[in-house]
Amino acid sequence: MKSPIQKRARNLGALVIGGAVMAAAAPAAAGTVTITVTDLRNTNGVVRACMTTKESIFPKCRNDPNSYRTVVKAANTITIRFNNVKPGEYAIALLHDENEDGKANRVLGMAPKEGYGFSRDAPVRMAPPNWDDAVFTVGSADQKVAIKMRYFL
């Protein structure tokens, strides 16, 4: 027969293990990602924003039902909020769609005619930035991201 101390120790151990299992099974807390967009050359059109966890489709974010997307009116400074963002690795792509045609217009099919911006101010060379240059980690705490709009022409 077990002593009362042994029974309490066994019960306490079960509580600790049960609590650890519950904590591991609980979904990670979601936070808010607030993006401040600056340096738009004008207030024409809209800014299209997309935040994705999928490297294979970045920066277009098409065909990602789990991406966070929005379209906001262009202004001198824009604040975009994505709420209930699950923790993970994300990258953001912005397009200043000045003529509101829903696409990134190009000169001679190559150079971007409209503004663009990426998380971590990822560099654009002769192509869109690499995932590794734009990716950032979202945890359970709210996150602020600043993105400067860039123009090739």
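By class, the lining of the largest pocket comprises 19 nonpolar, four polar and eight charged residues. Ala, Val, Leu, Ile, Met, Phe, Trp, Tyr, Cys and Pro count as nonpolar, Asp, Glu, Lys and Arg as charged, and the others, Gly among them, as polar. The model is predicted: local features need pLDDT of at least 70, side-chain atom pairs count only at pLDDT 80 or more, and totals for chains, interfaces and linings use all residues. Residues are numbered from 1 along each chain as its sequence is written, and side-chain values use heavy atoms, with hydrogens and water left out.

The volume of the largest pocket is about 910 Å³. Its lining has 31 residues, of which Pro 59, Lys 60, Leu 95, Ala 104 and Arg 106 are the closest to the centre. A pocket is an open set of points on a 1 Å grid over the protein atoms alone, where a 1.4 Å probe fits, with protein on both sides within 12 Å along at least five of seven lines; lining residues have an atom within 4 Å of a point. Grid points are joined across faces, edges and corners, and the volume is the space filled by probe spheres set on the points.

The protein chain has two helices and 10 strands. These are DSSP runs (helices H or I, at least four residues; strands E, at least two), numbered from the N terminus. At least two lining residues come from each of β2 (46-52), β3 (68-73), β5 (88-97), β7 (111-112) and β8 (115-118).

Leu 153 lies in the segment after β10 (143-148). Leu 153 counts as exposed because its relative accessibility is 53%, the cut-off being over 50% relative accessible area (1.4 Å probe, protein chains only).

Conventions: Buried < 20%, exposed > 50% of the residue type's maximum accessible area, 1.4 Å probe, protein only.
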